[in-house]
Amino acid sequence: MSESRRALVLGGGGVAGIAWETGVLAGLADGGVDVTTADRIIGTSAGSTVAAQITSGLSLPDLLARQSDPALQSPELPPGDISMEELWARFQQISESALDPAGQRREIGALALGAETVSEARRREVIEARLPVHDWPRRDLVIVALDAHTGEPRLFGPDSGVGLVDAVAASCAVPGVWPCVTIDGARYMDGGVRAATNADLAAGFDRVLVLAAMPDLGEPSWARLEGTVEVIEPDQASLTAFGANPLAPETRTPSAEAGYAQGRAAAPKVAVAWNDQA
């Protein structure tokens, strides 16, 4: 019997999501199942940061320490006075409008392009500091962003001709909070506008693990996947760690710790879904 092909899907969720996903992955590994060896890794928004980090060559314990230990955490910009509750409500309103999905994405893109934010250069410094290395790994790594004008998705990878830092910055450009990222004259925004996880990009893989720090709006993007699909969503302790604003830098330590505990607890179940059974 041929060996299964595996995909790891890392969804959006702000800096809290980065910390939580890192914790989950470290907890799973300590529980005996290292999923970072997946044949394909798909990262969206926060998940794009985690995807770049876990393929950087640093160990999971080191990456976890960079999230949980305040002395090792990279500098982050606070999201300012933006009301996240109002922003999410606006996204929800657009997602429930009569516009088709492409039209909804263009509507959010217009919001993103018109927002007053920090400069692209200042935001890029934050992304650079997050990533241990700035070169693409020799892996099947997919980072999802959207063209803010057209709403069309752009899948960045090692052969895309776009630098890793720029790809991650584009995928993490939360509309209304962070600036759209300019790449070859186009403006890109957060890939989570398409779907929080974009797990459908794992179609064709036999075993898929989805870390969904935030839920997809509407039908989950993994709903139509065939094969074995395991989804880990934040438990109550993790949601408490996220707090009201998952973009707030101070959520990192509690979110990493909660994610680690959740990963350790989930390891036996994930091992069954992830590993080929005789």
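The numbered points that follow take up the pockets and then the cysteines.

1. Please keep in mind throughout that this is a predicted model, and that the values quoted here are computed from it.

2. The largest pocket holds about 890 Å³ of space. It is lined by 34 residues, and those closest to its centre are Gly192, Val193, Ala195, Ala196 and Leu217. Two elements, helix H4 (84-95) and helix H5 (101-114), are the ones that give two or more residues to this lining.

3. What classes of residue make up the lining of the largest pocket? Sorted by class, this lining contains 17 nonpolar residues, together with 10 polar and 7 charged ones.

4. The second largest pocket has a volume of about 170 Å³, and the residues around it include Trp88, Met214, Leu239 and Phe242, with Gly13 and Gly243 also among them. Here the lining divides into 8 nonpolar and 2 polar residues, with no charged residue present.

5. How many disulfides does a search of the whole structure find? The search finds 0, and cysteine 172 is accordingly in no disulfide, the nearest cysteine sulfur being that of cysteine 180, 13 Å away. Because the closest cysteine sulfur to that of cysteine 180 lies 13 Å away, in cysteine 172, the distance is too far for a bond; the cut-off for a disulfide is a pair of sulfur atoms within 2.5 Å.

6. Are these two cysteines buried or exposed? Cysteine 172 is buried, with a relative accessible area of 4%, and cysteine 180 is also buried, with a value of 2%.

Terms used: Residues numbered from 1 in each chain as written. Predicted model: local features only at pLDDT ≥ 70, side-chain atom pairs only at ≥ 80, totals over all residues. Heavy atoms only, no water. 1 Å grid on protein atoms, 1.4 Å probe; cavity = no way out; pocket = protein on both sides within 12 Å on 5 of 7 lines; lining within 4 Å. Points joined across faces, edges and corners; volume = space filled by probe spheres on them. Helix = DSSP H or I, 4+ residues; strand = E, 2+ residues; numbered from the N terminus. Nonpolar A, V, L, I, M, F, W, Y, C, P; charged D, E, K, R; others polar. Buried < 20%, exposed > 50% of the residue type's maximum accessible area, 1.4 Å probe, protein only.
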